[in-house]
Amino acid sequence: MTRSLAAHCRDRLDAVRAADRFRRRRVIEGAHGPTIVADGQCCVNFCSNDYLGLAAEPALARRLADASNTVGTGSAASQLVTGHNAEHAALEAELADWVGRERALVFATGYAANVGVISALLGKGDHVVSDALNHASLIDGARLSGAAKHVYAHADAADAAARLAACDGGNRLLVTDSVFSMDGDTAPLADLANLAGAQGAWFAVDDAHGLGVFGPEGAGRVAEAGLGSDAAPLVLATLGKSVGAAGAFVAGDADVIEAILQTARSLIFSTAPPPALAAAAREGVSQARAGDDRRRHLMRLIARFRRGAEQLGLPVAASDSPIQPLVLGAESAALEASDGLLARGYLVGAIRPPTVAPGSSRLRITLTAGHDEQQVDGLLAALEAVLIDSTASAAMPAKRLA
Ligand SMILES: *Cc1c(COP(=O)(O)O)cnc(C)c1O
């Protein structure tokens, strides 16, 4: 006999709560920015992926409003029917130009892009070789494709090479995040590109957290590493982070992109994103490309935060990106620290399993170009109060500021 659905769900919820993994959505009022109103409380926001501060940039909102006045709201169909608007076409051309590839193809989200691209290119009998800390959407894409999945030790090119060499028969795809979303560190992209090339394997990079932040004109970690289409034939990135809009894209050689367009089920069987959103994304791309001042300011804030956190003896990670996690261990330690920061007016997410491995729950601090120095200093003072002065939270191996 089947148990009642309600009883089944109550048990699952009890288990989530018992593990300190219950998650609650905050209600955000008003615009995203360095300060936000969350559940009615105004706080300094250190948990967005809006790295360049474009999510609430008036020029983007104007483009969205102007475009929706002309093209309406809905795209009304899949891209392959009548959903592909001139705004999408222009956006794709601009994205391809930005990351230096022949063509780009827009998806509704990064999740849909990764799932769609991997399952379009690989099937049963093929192999996906994947970093242990790759984004869930890459893992799900590999699962959906039916290919065998081989996980290599995080950022370990030698292990990736060995696992790639051990695959027999079929096509092989080596895939990695560029900047890892919960750790902030960067994959050894040039090494991975070389070993994939040497073994005749395909190579895909998810540059979601690199685009807009690194490289010439913010063209991403792949561009920064000087990897062209031969070395890194598949570049994926989202439009919902640095670009300040929503959606995602894959870029590569024309035939590769055309094959994905013809076969990616997450694109074929899904309504195209609103054309006005593509217009807003075009403005975001243009501002991100011209955003050297924003990038310089962001890099200064990252250095300031790291310097301050190191002086406090906090467990800073090996990250030069806007993602600056402090790994605390237990779910409860991360939760208590996050609550303590919020009580002081700082919103920082407590990241717990299944997003990160058990025992590595953390504060995930993200810096943006929208922050100023006082806000970063204020966060450091709040961290000192919560993680070092407080006896209520997990004991940290830390020294006091002199
Ligand atoms: C955010 C993210 C995605 C998913 O993108 P969405 O547009 O939010 O669906 C994919 N890959 C990585 C590495 C990400 O950080």
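This is a predicted model: local features need pLDDT of at least 70, side-chain atom pairs count only at pLDDT 80 or more; totals for chains, interfaces and linings use all residues.
Helix 7, which spans residues 157-166, packs against helix 8, which spans residues 189-198, at an angle of about 20°, and the axes of the two helices lie 10 Å apart. Because angles under 35 degrees count as roughly parallel, helix 7 and helix 8 are described as roughly parallel to each other. The crossing in which helix 7 passes helix 8 is right-handed. On the side of helix 7 the contact is made by A157, A160, A161 and L164, while helix 8 contributes D191, L192, L195 and A196. Sorted by class, the contact of helix 7 with helix 8 comprises seven nonpolar residues and one charged residue, with no polar residues.

A search for aromatic pairs across the whole structure returns one such pair. The ring centres of F46 and Y346 are 6.4 Å apart and the ring planes meet at 25°, so the pair is classed as stacked, given that planes under 30 degrees apart fall into that category. F46 is located in the loop between strand 3 (41-45) and helix 2 (58-71), whereas Y346 belongs to strand 12 (residues 346-347), and the pair therefore ties together parts that are 300 residues apart in sequence. As regards accessibility, F46 has a relative accessibility of 0% and so counts as buried. Y346, with a relative accessible area of 14%, is likewise buried, since the term applies to values under 20%.

How values were computed: Residues are numbered from 1 along each chain as its sequence is written. Side-chain values use heavy atoms; hydrogens and water are left out. Axes are lines fitted to C-alpha atoms, for helices over the stretch in contact, and angles run from 0 to 180 degrees between N-to-C directions. Helices (H or I, at least four residues) and strands (E, at least two) are DSSP runs, numbered from the N terminus. Angles under 35 degrees count as roughly parallel, over 145 as roughly antiparallel, 65 to 115 as roughly perpendicular and the rest as oblique. A crossing is left-handed if the near helix is turned anticlockwise from the far one by less than a right angle, and right-handed if clockwise. Contact means heavy atoms within 4.5 Å. Ala, Val, Leu, Ile, Met, Phe, Trp, Tyr, Cys and Pro count as nonpolar, Asp, Glu, Lys and Arg as charged, and the others, Gly among them, as polar. Rings of Phe, Tyr and Trp (its six-membered ring) pair if their centres lie within 6.5 Å; planes under 30 degrees apart count as stacked, over 60 as edge-to-face and the rest as tilted. Buried means under 20% relative accessible area, exposed over 50%, partly exposed in between (1.4 Å probe, protein chains only).
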